[in-house]
Amino acid sequence: MKLMTKALEKRFVQVGDQSEKENPTFIAKFFDPVGSATWYATEYDPHTNICNGYVTGLAFDEWGSFSITELESIVRPFGLGIERDIHFNEISYQDLVPQKSRKRKVELQGLKVSKTQENDQER
């Protein structure tokens, strides 16, 4: 899959530099279909084919830069590669992160309920 389209390039130009914004907008999302890694792009340099953005699902979530060329060269099991989320709608950082923390909160609540039920069964 071609990760960077002409339409996306044009949108990155329209949005411009977001490096000083407190709440930048993610323009594109790329993901590993057989893994947990996700790359959210806020900026793109067509000369170097490098994006700046936010990466999740690796050792820890972090801001940084990533190469579209490198992402396109990755071959995963069954010949799959990194994909662009064609249904992705632009979202701000502050809107994305609370969704992740709410999900985590629900997961933790589920674990607590499980442990309480296990403890009750042992008694």
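Trainee: What share of the 123 residues in the protein is buried?
Mentor: Buried residues account for 30% of the 123 residues in this protein. Please keep in mind that the model is predicted.

Trainee: And what about the surface, how much accessible area is there?
Mentor: The accessible surface of the protein is about 8400 Å². Carbon and sulfur atoms contribute 50% of that surface.

Trainee: How many helices and strands does the protein have?
Mentor: There are three helices and seven strands. Along the sequence they follow the pattern α-β-β-β-β-β-α-β-β-α.

Trainee: What share of the contacts comes from residues 24 or more positions apart?
Mentor: Taking the contacts with a separation of 6 or more, 52% are between residues 24 or more positions apart.

Trainee: Let us turn to the sheet. What is the strand order?
Mentor: The order is β5-β4-β3-β2-β6, in an open sheet of five strands with antiparallel pairing.

Trainee: Which are the edge strands?
Mentor: They are β5, residues 62-67, and β6. Each of these pairs on one side only.

Trainee: How many bridges join β3 to β4?
Mentor: Seven bridges join β3 to β4, and the two strands run antiparallel. Within this pairing, Thr 38 has Thr 56 in β4 as its bridge partner.

Trainee: And how many join β2 to β3?
Mentor: Four bridges join that antiparallel pair. Phe 30 has Trp 39 in β3 as its bridge partner. A hairpin of six residues connects β2 to β3.

Trainee: What about β2 and β6, how many bridges join them?
Mentor: Two bridges join β2, residues 28-31, to β6, and these strands also run antiparallel. Phe 31 stands opposite Glu 83 in β6.

Trainee: Which strands does helix α1 lie across?
Mentor: Helix α1, residues 6-15, lies across β2, β3 and β6. The helix runs at about 70° to β3.

Trainee: Why is β3 described as largely enclosed by the rest of the structure?
Mentor: Seven of the eight residues of β3 are buried, so the strand is largely enclosed by the rest of the structure.

Trainee: Is Thr 42 buried or exposed?
Mentor: Thr 42 counts as buried because its relative accessibility is 4%, and the cut-off for buried is under 20%.

Trainee: Which residues does Thr 42 touch?
Mentor: Leaving out residues up to four places away in sequence, Thr 42 touches Phe 12, Gly 16, Gln 18, Pro 24, Thr 25, Phe 26, Ile 27, Asn 52, Gly 53 and Trp 63.

Trainee: Changing topic to the loops: where is Ser 36 found?
Mentor: Ser 36 is found in the loop between β2 and β3. Not counting residues up to four places away in sequence, Ser 36 touches Thr 56 and Gly 57. The C-alpha atoms of Ser 36 and Thr 56 are separated by 7.8 Å, although these residues are 20 residues apart along the chain.

Trainee: In the hairpin of β3 and β4, which residue takes a positive phi?
Mentor: Asn 49 does, with a phi near 65°, in a hairpin that has four residues between the strands. Most residues other than glycine have a negative phi.

Trainee: Is Asn 49 buried or exposed?
Mentor: Asn 49 has 17% relative accessibility and therefore counts as buried. Its place is the loop between β3 and β4, the latter being residues 50-56.

Trainee: What is the phi of Phe 78?
Mentor: The phi of Phe 78 is near 65°, again a positive value in a residue other than glycine. Phe 78 lies in the loop between α2 and β6.

Trainee: Is Phe 78 buried or exposed?
Mentor: Phe 78 is exposed, because its relative accessible area is 81% and the cut-off for exposed is over 50%.

Trainee: Which residues form the nonpolar patch on the surface?
Mentor: The patch is formed by Val 34, Phe 78 and Leu 80, with about 320 Å² of accessible area together. Leu 80 is in the loop between α2, residues 68-73, and β6, residues 83-84. At 32% relative accessibility, Leu 80 counts as partly exposed.

Conventions: Residues numbered from 1 in each chain as written. Predicted model: local features only at pLDDT ≥ 70, side-chain atom pairs only at ≥ 80, totals over all residues. Heavy atoms only, no water. Buried < 20%, exposed > 50% of the residue type's maximum accessible area, 1.4 Å probe, protein only. Contact = heavy atoms within 4.5 Å. Patch = residues over 30% accessible without salt bridge, like charges linked within 9 Å, V, L, I, M, F, W, Y side chains within 5 Å. Areas by Shrake-Rupley, 256 points an atom, 1.4 Å probe, with all protein chains shown as cover. Salt bridge = Lys/Arg side-chain N within 4 Å of Asp/Glu carboxyl O. Pairing = 2+ DSSP bridges. Axes fitted to C-alpha atoms, helices over the stretch in contact; angles between N-to-C directions.
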